[in-house]
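Take a short tour of this structure. We start with a helix, then turn to a pair of rings.

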Amino acid sequence: MSEGEVFHEKQRLELCAIHALNNVLQEQVFTKETADDICKRLAPQCVVNPHRSMLGTGNYDVNVIMAALQSRELAAVWWDKRRTVQSLCVDKVQGFILNVPSRVSLGIVSLPVKRRHWLAVRQVNGHYYNLDSKLKSPVCIGNEADLRTFLSEQLSLDVAEMLLVVRRDVEEYGTWLNSDDLRK
């Protein structure tokens with residue numbers, strides 16, 4: 001499979017949460033308008049919505065991602081970094097959304113400032129891909145072992161977080177964990 005066949009939205013404004021959602025779903029489902037509607041539903045009485053940038057350029061928080069996934073009959077499971085990624089039952093996970101530190105740049109100039117950035121990882125036709133919207137194209141991570149290495153490296157950053165994108169029944173029964181880990 002060529003990387004050209006993998007759906008990959010590129011970064012625009014501060015819309016990385018929308019790009020991560022669409023990339024993990026492998027189709028354009030969400031837009032800035034749908035994310036703004038979710039923000040209004042989450043905080044209808046607020047003049048300044050706490051779930052997005054005051055400037056209206058995006059920068060959506062995890063609540064918007066979780067509500068968006070729920071609208072698609074999916075769930076987001078917050079990964080406990082005290083667990084090893086070896087305990088993941090990756091067959092039950094549709095994709096991963098990571099929140100990582102990212103450098104801010106203006107054009108070709110990189111500023112000494114880091115902000116939070118959402119990115120997606122997903123399996124497509126047997127290969128896992130890093131679908132970070134800041135990349136020029138999807139980057140093939142490889143097989144399941146390569147995925148576990150990639151996720152471990154990302155989660156080794158103190159401030160990195162990960163959401164597992166799963167079906168609701170997988171969330172409800174906790175089957176995203178290997179059966180040995182469910183008993184702990």
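Begin with helix α1, where 10 of the 10 residues are buried, so the helix is largely enclosed by the rest of the structure. Buried means under 20% relative accessible area, exposed over 50%, and partly exposed in between (1.4 Å probe, protein chains only). Helices (H or I, at least four residues) and strands (E, at least two) are DSSP runs, numbered from the N terminus. This is a predicted model: local features need pLDDT of at least 70, side-chain atom pairs count only at pLDDT 80 or more, and totals for chains, interfaces and linings use all residues. Residues are numbered from 1 along each chain as its sequence is written, and side-chain values use heavy atoms, leaving out hydrogens and water.

Now look at N23, which sits in α1 (residues 16–25). N23 counts as buried because its relative accessibility is 0%. A polar atom of its side chain lies 2.6 Å from the backbone nitrogen of E9. The N23 side chain also reaches the backbone oxygen of L131, at 2.9 Å. Just after α1 comes Q26, with a positive phi of about 65°.

Next, the rings. The whole structure holds 1 aromatic pair. The ring centres of W79 and W176 are 6.0 Å apart and their planes stand at 70°, so the pair is edge-to-face. Rings of Phe, Tyr and Trp (its six-membered ring) pair if their centres lie within 6.5 Å; planes under 30 degrees apart count as stacked, over 60 as edge-to-face and the rest as tilted. The pair links distant parts of the chain, 97 residues apart. W79 is in the loop between β1 (74–78) and β2 (95–106), and W176 in the loop between α5 (168–173) and α6 (179–182). Both W79 and W176 are buried.

Notes: A polar contact is a pair of N or O atoms within 3.5 Å; within protein, one must be able to donate a hydrogen and the other to accept it, and residues adjacent in sequence count only if both atoms are side-chain atoms.
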